[in-house]
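Have the model open alongside as you read.

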Amino acid sequence: GVERTERCMMVDPTLAEMGKNLNEAMKILEDGGNRSSIPGPLQGDGQDVASILQLVQNLMHDDEEEDKPSHRMQNVGEQGHMALLGHSLAAYISVLDRERLRKLITRIASDTTLWLCRLFRYESGSAYYHEDDREGLLKVCRLVINTRYEDYSTEGYTVLNSRQPVIYQSATCRPGLGQHLCSQLGLPLSSLCTVPCNTIFGSQHQMDIALLDKLIREDVETGKLPLLLIANAGTPGAGHTDKLGRLKELCEQYGMWLHIEGVNLATLALWEVSSPVTAATRSDSMTLTLGPWLGLPAVPAVTLYRHEDPALSLAAGLTSSQPVEKLRALPLWLSLQYLGHDGIVEKIRHAVELVEDELNSPVVVFRFSQETSGYFAGEREVLDSLNRWLCEQLAQLVPASGVDIVELEDEGTCVRFTPLMTAAALGTQRCDVDLLVERLIELIPVLNCTLRLRLDFREEVYRHSALSYIEDLSWPGLGAVRYEPRIEDELLVKLGDLDADLIFSTGMVQTWFCLEFGPEKDCIFIGMATEDLDVAELVDTIAALGRDIEENGRLLENMTEVVRKGIQEAEFQLQKDNQDKLMEEGVLRQIPLVSSVLNWFSPFQSTVKGRTFNLAAGSLDSTEPTYSMKAQTGGLASPETPTSSAKRLPGQRLFQREGAGGSDSHSETSSVGQAEDLSRERFPQPTPPSPVPDEAVSVVPESPETPQRPPTPAGVAEQGFIPFSNNSPLHLFLTTVSLYI
């Protein structure tokens, strides 16, 4: 390790200022701060460093919503700052004079290569540093082609026609890796041979060596040249290691190059290394991804290789004559010195010890599945969706665990825990693993209940003619339902107002509603369920709320037609009453001055009565019974809001089955009746309008001599009737009706 001591020495002011500015820049970028990212015009005189960093910070957090918790940057720590400082130093060092630059980069490259070869037990190796983790393998392929085809440097690809090269890879290699190599090397896809994994003996994620031997012999017999084999020390999916020792012997037999990659190569730095991984030290090349293993941001990947011809390495691009390209190792050079040998080993050891596996694999892959197969049609797709939900919940509940989703060909969607790739960056501790196990145990009953009640939910939906069950195997929940006719928007609002959250001990909502627009369009998807969920009551409530919305919409349409016909009838009655009044009063009573004298000597009582419009019955009636009896008679009363006869017990939640919570004894009422009563309680029928003040329905008489009508009795408005006088203007009637609607 590198001993850290305080030394009195002169420091380049530029380097000191660079380190200071880096610390200040990281503080600005890691701060949530102002989220405004409105671009401004390019300043003519430029901007200061703080303003530019603030702009970068705003762009980094621009897509985060205000009402959601922000996802802070990974806490890189001091070792991460050293890696970031390396990029700044590389730019600064590149301006040195050529001789000083050559000496400096030679020291940096040689030191870093020596440290890595000793750390990972790769003797007499060379190193190539690259940003793309596939780039090292690509350069190695070029090196092997230059080595096996002597005239390749002069004749080019024409020499490949004599013997077509073949690259072998496992079926569990990274997706697209072989295609990328063929594309960059200019080789046909027929030069790529994918070797299947074991089917009977051994791991199903390990390369089938017997089949590989057979494929190589067939290619040799057809005049092809076996060129290179890509093996795994930790497959990208399940983290399994191929039988590297046996593969190395096979490669030596056919003169092939063996390249190894995988997360398990990190364990070579430990004192105790499993024998399958130890064989990787005999490979011709291997790629290391130190950034995730050590929690170092923006450090390059490293490909260690053994080759004795520097000219061919230069031709393949593994070495460069450009000094600046060799500065790629500078971030690693700084970080390795900061951590020291013991610090590096401790980080890897800590990640490995987070996994207790008898197979010594630092990768754990698990999946929720049904004990018996063939439980129902489409079980595989449903289980995949449930496992995706499980991974999302675990990642949200225990973010320090770093679990992610992995798709395996045979097993399907699985949850993967790879501490070697995430622990250093996330700071995963043993307590995080324990918490992960606790949350997993808590979520398993939810998955079991949801999978079991999914069929019950479908059967309950089929019982209602107005509901349609939508088959969506990718939905992780009870299922999807549609109400006919389409009223999903209004129905979702009603369901959202229900106090239907089933709270689990973790505070997670188990039953929830959401509106999705998928291939089936306009469906309401019901989420996860708990053991005490009453599926019948849930479906009955959805159907009852849908009927309420549909009936209210139909009532509104009918009311519109009734009001239109009522207005026409009112116009006709008003005209008729005015004519009758004129005939009764005579012409003299219509003259203003004469009518006053005449009414004083001989008061006149008109027999023309007022009218009232019954919204419920849609009829125009006389107000005489109302004013004489002070109450409405002969009209149809609006239906009263039904009240629930079955009340919930204290503590019993919505959609909770009887006996699952609350009191032990209560009335035996069907879930259908409870759902209907509940919907009426929470969503009562539209209440009639309150009594209208006198000034809202008062009318201006056509003449001063017209007697004022008596006040409106309270019972009139309470029963949903709208009284108006035979002398009231038509626009006043419309205003009053619109107010009640």
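Let's start with a cysteine: Cys 197 is buried, with a relative accessible area of 11%. Buried here means under 20% relative accessible area, exposed means over 50%, and partly exposed lies in between (1.4 Å probe, protein chains only). Bear in mind that this is a predicted model, where local features need pLDDT of at least 70, side-chain atom pairs count only at pLDDT 80 or more, and totals for chains, interfaces and linings use all residues. Residues are numbered from 1 along each chain as its sequence is written, and side-chain values use heavy atoms, with hydrogens and water left out.

Does Cys 197 have a partner, or is its nearest sulfur too far for a bond? The closest cysteine sulfur, in Cys 173, is 8.8 Å away, so that pair is too far apart for a bond. With a disulfide taken as a pair of cysteine sulfur atoms within 2.5 Å, the count comes to zero disulfides. Cys 391 is buried too, at a relative accessible area of 3%.

Cys 391 also takes us to helix H14, as one of its buried residues, along with Trp 389, Leu 390 and Leu 394, among others. Helices (H or I, at least four residues) and strands (E, at least two) are DSSP runs, numbered from the N terminus. The buried residues of H14 pack against strands E8, E9 and E10 and helix H16, contact being heavy atoms within 4.5 Å.

| Helix | Residues | Length | Span, first to last C-alpha | Expected span |
|---|---|---|---|---|
| H4 | 98-119 | 22 residues | 31 Å | 32 Å |
| H14 | 379-397 | 19 residues | 27 Å | 27 Å |

The buried set of H4 includes Leu 101, Ile 105, Ile 108 and Asp 111. After H4 comes Arg 121, with a positive phi near 60 degrees. In the loop between H4 and strand E1, Ser 124 has a positive phi of about 55 degrees although it is not a glycine. Ser 124 is exposed, at 71% relative accessible area.

Ala 298 is another non-glycine residue with a positive phi, near 60 degrees. Ala 298 sits in the loop between helix H11 and strand E7 and is partly exposed, at 43%.

Finally, a helix pair: the axes of H8 and H9 (lines fitted to C-alpha atoms over the stretch in contact, with angles from 0 to 180 degrees between N-to-C directions) come within 11 Å and cross at roughly 10 degrees. H8 and H9 are therefore roughly parallel, a label for angles under 35 degrees.

Terms used: Parallel < 35°, antiparallel > 145°, perpendicular 65-115°, else oblique. Expected span 1.5 Å × (residues − 1).
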